[in-house]
Amino acid sequence: MDPLADTLRRLREAFSAGRTRSPEFRAAQLKGLGRFLQENKQLLQEALAQDLHKSTFESEVSEIHISQSEIDLALRNLRSWMKDEKVPKNLATQLDSAFIRKEPFGLVLIIAPWNYPVNLTLVPLVGALAAGNCVVLKPSEFSRSTEKVLAEVLPRYLDQSAITRFYGEDPRRSPSLGRVVSDKHFRRLRGLLGCGRVAIGGQSDEDERYIAPTVLVDVQETEPVMQEEIFGPILPIVNVGSLDEAIDFINRREKPLALYAFSRSSQVVKRVLAQTSSGGFCGNDGFMHMTLASLPFGGVGASGMGSYHGKFSFDTFSHHRACLLRRPGLEKIYSIRYPPYSPRNLRMLLVAMEARSCSCTLL
């Protein structure tokens with residue numbers, strides 16, 4: 001087997017097994033990353049000097065210290081970042097539980113540039129590890145000395161009865177049942193009726209573009225009805241032997257735009273939520289989550305990128321611009337960051353760069 005393919009397979013298996021999801025595992029990786037920086041500071045400074053002729057001062061300020069600060073920040077806030085975020089609800093969902101869960105993507109690729117080869121490699125790595133992902137890390141081949149340290153040293157530190165009830169005995173006469181949008185899609189949907197065996201419904205009328213609410217049973221995973229989005233009143237049923245098998249069935253396929261789990265057991269619903277990934281999730285319902293502007297709507301992986309609804313739409317179509325407004329005339333105070341460098345100026349600058357809360361605002 002190709003070594004890279006084997007590595008990717010092992011990483012995906014590790015993620016699928018849930019190894020990276022616990023806060024303890026994430027924190028352990030971040031602490032290992034911190035030890036790497038602390039125990040190999042001189043090695044990194046020498047590599048940066050060889051690659052970019054960076055001084056010890058610049059290496060400490062722009063590369064190592066920033067990376068360490070990101071690690072410290074993630075460790076301090078990891079559990080709060082991981083918590084489900086409760087969101088406002090509308091009148092129709094007051095009795096429901098609505099929240100945002102931060103899920104890891106799975107296996108992610110980080111490709112770093114050469115200009116800040118430690119900073120721009122480790123800072124995104126901190127976020128990916130804190131989020132519970134497995135990571136493929138690609139340092140820049142142009143900063144060869146730093147790449148060598150990252151490649152050789154860093155790894156040592158990281159390890160179906162409802163139809164009649166809804167539409168009556170004759171769904172075709174119900175004013176509540178819609179019709180297929182076009183002849184093309186009618187023919188596509190009618191073709192899907194040949195999958196498995198029709199248990200309920202199956203009637204159609206091309207003139208009206210009508211297809212009765214239909215339940216298909218004995219459906220095979222490889223049949224067309226299981227290979228595409230249906231967008232019609234057809235419900236295929238695939239039998240599984242257990243909840244484990246159902247979850248495995250979901251996880252073998254591309255991540256869906258939405259996943260609905262129905263069960264009288266809240267533990268079953270919670271387990272499906274915890275062990276699968278989808279753009280959105282709904283327990284014991286298949287629609288009402290879309291009515292909440294406080295919940296993002298969007299896919300993940302093959303089902304789409306990004307999200308919208310409410311403020312999430314605003315954020316999706318906005319550039320988050322970083323702004324710092326500083327009063328003029330203070331350059332003398334900040335001149336310690338310029339040559340000639342000195343140990344005293346370095347100490348002062350590092351203290352000034354420490355992350356700390358401040359309620360002061362300069363207007």
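## Helix α1 and the glycine after it

Gly18 follows helix α1, and its phi is positive, near 85 degrees. Helices here are DSSP runs of H or I with at least four residues, strands are runs of E with at least two, and both are numbered from the N terminus. Helix α1 covers residues 3-16. Its 14 residues should span 20 Å at 1.5 Å a residue, and the end C-alpha atoms are 20 Å apart, which agrees. The expected span is 1.5 Å times one less than the number of residues.

This is a predicted model, where local features need pLDDT of at least 70, side-chain atom pairs count only at pLDDT 80 or more, and totals for chains, interfaces and linings use all residues. Residues are numbered from 1 along each chain as its sequence is written, and side-chain values use heavy atoms, with hydrogens and water left out.

## Helix α5 and its cover

Helix α5 runs over residues 119-130. At 1.5 Å a residue, its 12 residues should span 16 Å. The end C-alpha atoms are 16 Å apart, which agrees. Gly132 comes after α5, with a positive phi near 90 degrees.

Which residues of α5 are buried? They are Asn119, Thr121, Leu122, Leu125, Val126, Ala128, Leu129 and Ala130. Buried means under 20% relative accessible area, exposed means over 50%, and partly exposed lies in between (1.4 Å probe, protein chains only). An α-helix has 3.6 residues a turn, so residues three or four places apart point the same way. The cover over the buried residues of α5 includes helices α2 (23-39), α4 (56-82) and α6 (144-152). It also includes strands β3 (107-111) and β4 (134-138).

## Two buried residues in helices

Thr121 sits in helix α5. Its relative accessibility is 0%, so Thr121 counts as buried. Beyond residues up to four places away in sequence, Thr121 touches Ile110, Ala112, Tyr116, Leu137 and Leu150. Contact means heavy atoms within 4.5 Å.

Val61 belongs to helix α4. At 14% relative accessibility, Val61 is also buried. Its contacts are Ile66, Leu346, Leu349, Leu350 and Met353, leaving aside neighbours within four places in sequence.

## A sheet of three strands

In what order do the 3 strands of the open sheet lie? The order is β5-β8-β9, and the pairing is mixed. Strands β5 (197-200) and β9 (234-236) stand at the edges. Each has a single partner strand, so one side of each is left without a neighbour in the sheet. The twist averages 35 degrees from one strand to the next. Axes are lines fitted to C-alpha atoms, for helices over the stretch in contact, and angles run from 0 to 180 degrees between N-to-C directions.

Strand β8 covers residues 214-217 and pairs with β9 in the parallel sense over 3 bridges. Two strands pair if DSSP finds at least two bridges between them. Leu216 stands opposite Pro236 in β9. Strands of a sheet pair through backbone hydrogen bonds, either parallel or antiparallel.

## Aromatic pairs

How many aromatic pairs does a search of the whole structure find? The search finds 3. Rings of Phe, Tyr and Trp (its six-membered ring) pair if their centres lie within 6.5 Å; planes under 30 degrees apart count as stacked, over 60 as edge-to-face and the rest as tilted. One of the pairs is Phe36 with Tyr157. They are edge-to-face, 5.8 Å centre to centre, with 70 degrees between the planes. Phe36 lies in helix α2 and Tyr157 in the loop between α6 and α7 (162-167), so the pair ties together parts that are 121 residues apart in sequence. Both Phe36 and Tyr157 are buried.

Phe297 and Tyr308 form another edge-to-face pair, 5.8 Å centre to centre and with 90 degrees between the planes. Both lie in the loop between β11 (280-283) and α11 (311-316), so this pair ties together parts 11 residues apart in sequence. Phe297 is buried, with a relative accessible area of 15%. Tyr308 is partly exposed, at 41%.

## Cysteines

The search of the whole structure finds 0 disulfides. A disulfide is a pair of cysteine sulfur atoms within 2.5 Å. Cys134 is buried at 7% relative accessibility. Cys282 is buried too, with a relative accessible area of 7%.

## Arg172 in a loop

Arg172 lies in the loop between α7 and α8 (183-192). It is partly exposed, at 33% relative accessibility. Arg172 and Ser204 are 32 residues apart along the chain, and their C-alpha atoms are separated by 9.2 Å. Not counting residues up to four places away in sequence, Arg172 touches Arg179, Asp205, Glu208 and Tyr210.
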